[in-house]
Amino acid sequence: MNAPADLPVPNPPRVRKPDWIRVKAPTSEGYAETRRLMRSLKLATVCEEAACPNIGECWTKKHATVMILGDTCTRACAFCNVKTGMPRAVDPFEPQNTAIAAAELGLEHIVVTSVDRDDLPDGGASQFVKVIEALRRETPKTTIEILTPDFRNKSEDAVARIVDAGPDVYNHNLETVPRLYPTIRPGARYYASLRLLESVKRRNPAIFTKSGVMVGIGEQRLEVHQVMDDMRSADIDFLTMGQYLQPTPRHATVEEFVTPDAFKAYGAIARAKGFLLVAASPLTRSSYHAGDDFKKMQAARAERLAR
């Protein structure tokens, strides 16, 4: 028997998260101080905009990932909680304010990311350059990690200018396996992202390259292994892997909660394939423990060169 037409259709129940990916709500004073600083400098953070589960831990330690070029993205990826629309004009004070935030937080290592800005002629690459320059000028001892968009349909000069500005780590996430790009990351192209990372290493081999993938979104195990091989072919140094979490009912659903043991197995396989560093766990995100991981990468490279 069909339900009466005037009755609302219930939403499917949200899948209960397993114990290994539950986190406590942020309540510390350090969290509050970090939040106040970001607000006072009018800086967006991917920690908030992407609803990162680690925000309480990181902000308590006064580690925040600045998201430049505003808080509105020109794309609508099925996994991402950052709002989509027409962004505002680029803030000319953003580079200096980012450097002020790094100094105020006492950051030894900073991660700077951005929304996609397909509306800008260079995709926002010049703002990354200005941020790197401001950080080098104001906090010269802070190491710099950038997490950029793909600059699709922009000139190769966009990435080259950022590389020449001299970040310590260049990160660009592949996010998922090629088969899922049309539904999960429709505005991007898998092999274009690979070529971007390859071009960074070709232009400056001293820069560490880094990329991340989500799991639990419908990928198959052997597809993930192939992504690892593709990354190594592009000479990517550092692989991050974490569990996809559905930010709202409008986003792609979680197909599987990958167990900690399965993450350990992925990590072992990735290390065997030759990455300098691998971070694979349910709560791993691109900038999670990034400062500690940078030191580990430096040590791993030194050890490899000494062999």
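This is a predicted model: local features need pLDDT of at least 70, side-chain atom pairs count only at pLDDT 80 or more; totals for chains, interfaces and linings use all residues.
Biologist: Which elements each supply at least two residues of the lining of the largest cavity?

Modeller: Lining the largest cavity are T176, V177, V213, M214, V215, E219, V224 and V227. β8 spans 208-215 and α9 spans 221-233. The elements that each give at least two lining residues are β8 and α9.

Biologist: How many residues of that lining come from β8?

Modeller: The lining includes V213, M214 and V215, and β8 covers 208-215. β8 holds the largest share of the lining, and its count is three residues.

Biologist: How much space lies in the largest cavity?

Modeller: Searching the whole structure turns up one cavity of 30 Å³ or more. Its lining has six nonpolar, one polar and one charged residues. The space inside the largest cavity is about 30 Å³.

Biologist: Let's turn to α8. Within what arc do its buried residues fall, seen down the axis?

Modeller: The buried residues of α8 are Y190, S193, L194, L196, L197, V200 and K201. In an α-helix, residues three or four places apart point the same way, because there are 3.6 residues a turn. Those buried residues of α8 line one face of the helix, because they fall within an arc of 155 degrees.

Biologist: Which exposed residues sit on the face of α8 turned away from its buried side?

Modeller: The buried residues of α8 pack against several elements, among them β8 and α9. The face turned away from that buried side carries exposed residues instead, namely R195 and R202.

Note on methods. Residues are numbered from 1 along each chain as its sequence is written. Side-chain values use heavy atoms; hydrogens and water are left out. Buried means under 20% relative accessible area, exposed over 50%, partly exposed in between (1.4 Å probe, protein chains only). Helices (H or I, at least four residues) and strands (E, at least two) are DSSP runs, numbered from the N terminus. The arc is that of the directions from the helix axis to the C-beta atoms. Contact means heavy atoms within 4.5 Å. On a 1 Å grid over the protein atoms alone, a cavity is a set of points where a 1.4 Å probe fits but cannot get out, and a pocket is an open set with protein on both sides within 12 Å along at least five of seven lines; lining residues have an atom within 4 Å of a point. Grid points are joined across faces, edges and corners, and a volume is the space filled by probe spheres set on the points. Ala, Val, Leu, Ile, Met, Phe, Trp, Tyr, Cys and Pro count as nonpolar, Asp, Glu, Lys and Arg as charged, and the others, Gly among them, as polar.
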